[in-house]
Amino acid sequence: MSKQHITATVNGDPVEFLSEAGATLLDALRDELGLTGSKEGCGSGDCGACSVILDGRLVCSCLVLAAEAEGRRVETIEGMAEGGVLHPLQRKFIEHAALQCGFCTPGLLVAAKALLETNPDPSESETRYWLAGNLCRCTGYDKVIRAVMDAGAELRQARVA
Amino acid sequence: MSQLDFLAPTSAEEAARALAASGAEGRPLSGGTDLLVQLRSGRLKPGLIVDLKKIPGAIGIREEGGGFVIGAATPGAMLGEHPSLGRVWPGVVEAASLIGSTQIQGRASMAGNLCNASPAADSVPALIAARATCVIVGPSGRRTAPANEIAIGPGRTSLQPGEFVLEIHLPPRGRRAADAYLRSIPRTEMDIAVVGAGVSLALDADGVITEARVALGAVGPTVIVAEDAAAGLVGTRADDAAMASLDAAVRAVCRPITDKRGTADFRTKIAGVLARRVAGIAYARAKEQK
Amino acid sequence: MTDVLDRPETGLNLKVVGTRPDRPDGVDKVTGRATYGADFSMAGQLVGKILRSPHPHARILSIDTRKARALPGVKAIVTGADFPEQASQEMEGGEGAANIRDIAMNCLARDKVLYDGHALAAVAATSSSIADAALALIDIRYEVLPHVTEVEAAMAADAPILDESRFTTGLEAKPDKPSNIVSRMQLKRGDLAEGFAAADVIVEGRYTTPAVHQGYIEPHACVASWSADGQCQVWASSQGQFMIRTYCAKILGVEASDIRVTPAEIGGGFGGKTTVYLEPVALALSRQAGAPVKMVMTRDEVFRATGPTSGAVIEVKLGAKSDGTIVAADVVLKYQAGAFPGSPVAPGCMTALACYDVPNFLITGYDVVNNTPKVAAYRAPGAPISAFGVESAVDELAGKLGMDPIAFRLKNAVRDGVKAAYGPTYKNIGYVETLEAIADHPHYRVPLGPNQGRGLAVGFWFNVGGESTAAVNIVDDGSAVVISGNPDIGGSRASMAMMAAEVLGLPVERVRPIVADTASIGFSMLTGGSRTTFATGMAVTQAAQKVVEDLKRRAAEIWDVGIDQVEWANGSALCLDAARNKPDLTLAAIAAQSGKTGGPIGATVALNAQGAGPGFGAHLCDVEVDPETGRVTVLRYTAAQDVGRAIHPAYVEGQVQGGAAQGIGWALNEEYVFDAGGRMENAGFLDYRMPVASDLPMIDTVLVEVPNPRHPFGAKGVGEVPIVPPLAAVANAVSAAIGVRMHDLPLSPPRIRAAVDTL
């Protein structure tokens, strides 16, 4: 099986890897680049645990071919904290106990980051619908939604200050 | 192990040549939200995947002659972000925006939704109600076909080997005209439509319906255009009596199956309910489109 | 969130327990660094994959692996014949008894396949695509047999029999024909006929629930390495590394001490990861291949071949006096076990009437095998199912009597001193308090609009203790490490660290909790049954107490006073002999000179914890039904629960909210759908339909604290109770909204529309 050589930007850094034509971006992140923070819960785009931001758009990395990443910009959970400082969303998830097993957490955080970048002041309903593609079986979503909205409030405050 | 190749050509003609050369082995890729699931499950074992996204115009929306041209690989999210598309064709945009999650919206295209040929595809009843047309590229050049001629059965299309949809065209809209789409699902998100209904209406200055088109999803092997139901709306103001006959006329044309997502009886009843509700929304919108 | 109510004075001046510190594993889990089952890899590892039966019931005539073996890159192929023959042997294992032969045959079939998706053979190869190709080359010949998926069909006299050697146990007369009914059990009290004769009002109903999956987002995954010297290592996500060790050792016929199991982070379990599916297979492949083998299930495999809980039929007949006193209850429970015996019908029976003081009852349970995946534990196994029937009937009875559902339940409520239907006499229970908390909650008084309905239901779970080991080691800088053997499934590292910090008098940040592998800490039963905070927490607390005693002894030695002159407070030793004028000795100061006072400071406690206090909850649900489409919207949801004492209230609330959400999913949409050929039609998240964020409202919680005197801080198990009431709470709300009693789950739109159409 022939492999393709792919160059892309992941979390701001240039990367290169070889990929089988049928391999997904999620496979490449996890198996070729060792970035196992993005999880595979279903492989069919139904759980969101593999969420990444591709050229500014939130996508399921299990539904992107690795070959499609050629020349493109990928942001994953591993790039969310900057220089060891947690993103406000990451901090708020811990503060609000918005994770239990933590498996869906990376995907939820990436999706929530995309939300707050698109809509800095989402309502509860907007937050719930935006995150509807991220399944969480532990929390019942209550504390997740609170954490995202609280992080949004903190980010808005920071912008004003 | 079969060989799988990947190409990302930069012209439509190149893509068509590659697909034609691969015969039944080739598959065009837009958003990939259906294709990758089929690859993964083993339902589909193509020898070649041709990514359309590097073809100029494949991603994007342009206004042309009062209507809109939507590139085949334009993700759903871009439709909602467009400054005027949602004003002119709100039903098409709301239908496309119902496909999957935010993540899916970042990738999934209406052309893919159309060519996947699922009877339950959300954007298709809306496109058909809107009289959308498709520009199809193939090894022997380009042709145009109405959206309702693409799917010919569950998972089957009228596209010939090597052909793919490059653009979807939405016609210009007059004043006092609007469309709407609703679907019925058990959850609030993430489900496949158990029934979908798209309605497009035009009114005269007195609010009387002059043109109507009703398209129903998931109640037949392909989207059903309910001609009699639409004809019954013309000449009315979408009053209660008109809605009741719409409900009955829609139920009369449904030919659904019973499957894991719903029973035939339920689907038929809900089709009538949705048609009424969608017609009401389209009517209210049309009255406001001055 | 309602703040903690009713925190009784216990005489404890708690500084850490009851607060909400950041969890110690939080940063790893929000940065993607936490290592779950599929995240671990070894150099040189192979990819292992499983071939699964496409038939729900068939005799295996032959398995020919020759072509697959010949494929370059294939390193090992195993079938059921690679496991040693087992005698049928019941053993204590996961949650409740387990039969090791059945577990082995579920991992790899022998002779027969018993459900669509049953594992038949496994391959290890150098790549995923070669493994897939090899599976396709394995040639299996079947004799396809008639199958049966539904419980009552499986009980029928003419049903296809899964195991011809099985005769129903628990009947008065020994049966002369084999049956899919594995056993019948009964609980009884008083005289049923007399009870119903005394009743003024009787309700009777037949209820059904479908098989549903635990729905953890992380698929099963492991890496196994079998070295040439017979030493084995397994890295896996599960609810118990010791459970994996025991099962693998028995299935493979090796010594348990030769298998070292390291727990990966677990991405949800809810009972579904209390058994093995992959690990013995991966070890067998690794032995044959001479290389480590990694196996990860697909979501399709998770649905088709791992733990749903039983689909069931529940028949309930209740009788009450006109003043609202329940005088008789007749409950029949028929639970699917799936391919092998062992449905949770026993706890279903035992919990069915646990909230009610009923003088005359008969509870009959049937454990029934059928051609669906072997059921696995699911959060309060068996209890939500029987509660759905009983709480629906109670709701109907209250309605017939014209009584408020809370008042009716209070009138019949169990209290301290009442003998439970399942045997013991209740002590220190907080059931009535949960009902009162709901009655006092503003939710109970929100006016309802058209097409809206309100439902109440209650639930019970035993909670368990059991065997646990924990160690507390003091570091010479004055910090501490807590080592336990229970996977942290929802924040237990935090509660372990908090209990140790409380006893030691350290800030919780200075206590580092570790979940150790099977070679690094003593035996602990798995994380399940709501036992960890109670039982392992007790081991941690006692180990910390031993450490404090040791610290006091050392302070006495340093001061040269009697140990009775030393008190431990706020992380320091205080000298009570004021005349000595000794400044307090901090833990750090004592630790720094531990070499002079007897060496390293630490203690290990291994115990079998008894006295887990039973838990009760009361849930209130408001819904709105669209009568034309049959869609249900959950408008409001409030859950009150007696938690004994909330060690970390935020994670206790999280347990209650998560359990409620799972129960709402069970009530509204989730179900296993089988086609006429016995194949699962909806083996994916898309069509299995678990609740998504936009399906649910905020879930308000009221933590009632009636402390458990058998736990050092009063804790009771909290994880399981919250999934017991929601099925009936939602169904009662929907029934109220549409004016038709709903008997069958899920309350899907077609079902509700059909019910509305009967009006």
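In which handedness of crossing does α2(A) pass α5(A)? The crossing is right-handed, a term used when the near helix is turned clockwise from the far one by less than a right angle, anticlockwise being left-handed. The model is predicted: local features need pLDDT of at least 70, side-chain atom pairs count only at pLDDT 80 or more, and totals for chains, interfaces and linings use all residues. Residues are numbered from 1 along each chain as its sequence is written, while chains are lettered from A and ligands numbered from 1 in the order in which they are written.

Helix α2 of chain A covers residues 88-95, and helix α5 of chain A covers residues 142-160. Helices are DSSP runs (H or I, at least four residues), as are strands (E, at least two), numbered from the N terminus. The two axes come within 9 Å and cross at roughly 135°. Axes are lines fitted to C-alpha atoms, for helices over the stretch in contact, with angles from 0 to 180 degrees between N-to-C directions. The angle makes α2(A) oblique to α5(A); under 35 degrees counts as roughly parallel, over 145 as roughly antiparallel, 65 to 115 as roughly perpendicular and the rest as oblique. From α2(A), the contact takes Pro88(A), Leu89(A), Lys92(A) and Phe93(A). From α5(A), it takes Ala147(A), Val148(A), Asp150(A), Ala151(A), Glu154(A) and Leu155(A). Residues are in contact if their C-beta atoms, placed from the backbone, lie within 7 Å. This contact has 7 nonpolar, no polar and 3 charged residues. Asp, Glu, Lys and Arg count as charged; Ala, Val, Leu, Ile, Met, Phe, Trp, Tyr, Cys and Pro as nonpolar; the others, Gly among them, as polar.

Chain C contains 20 helices and 30 strands. Its C-alpha trace spans about 85 × 75 × 50 Å along the principal axes. Of its 759 residues, 60% are buried (20 or more other C-beta atoms within 10 Å of the residue's own, C-beta atoms being placed from the backbone). Among contacts in chain C between residues at least 6 apart in sequence, 80% join residues at least 24 apart.

Chain C touches both other chains named here. In one interface, 44 residues of chain C contact 43 residues of chain A. On the chain C side, α1 (26-30), α17 (649-668) and α18 (685-688) each supply at least two residues. The largest share, 8 residues, comes from α17(C). That side divides into 20 nonpolar, 16 polar and 8 charged residues. In the other, 17 residues of chain B contact 19 residues of chain C. Helix α11 (residues 264-288) of chain B gives the largest share of the chain B side, 4 residues.

Technical notes
Two residues are in contact if their C-beta atoms, placed from the backbone, lie within 7 Å. A residue is buried if 20 or more other C-beta atoms lie within 10 Å of its own, exposed if 12 or fewer, and partly exposed in between; C-beta atoms are placed from the backbone.
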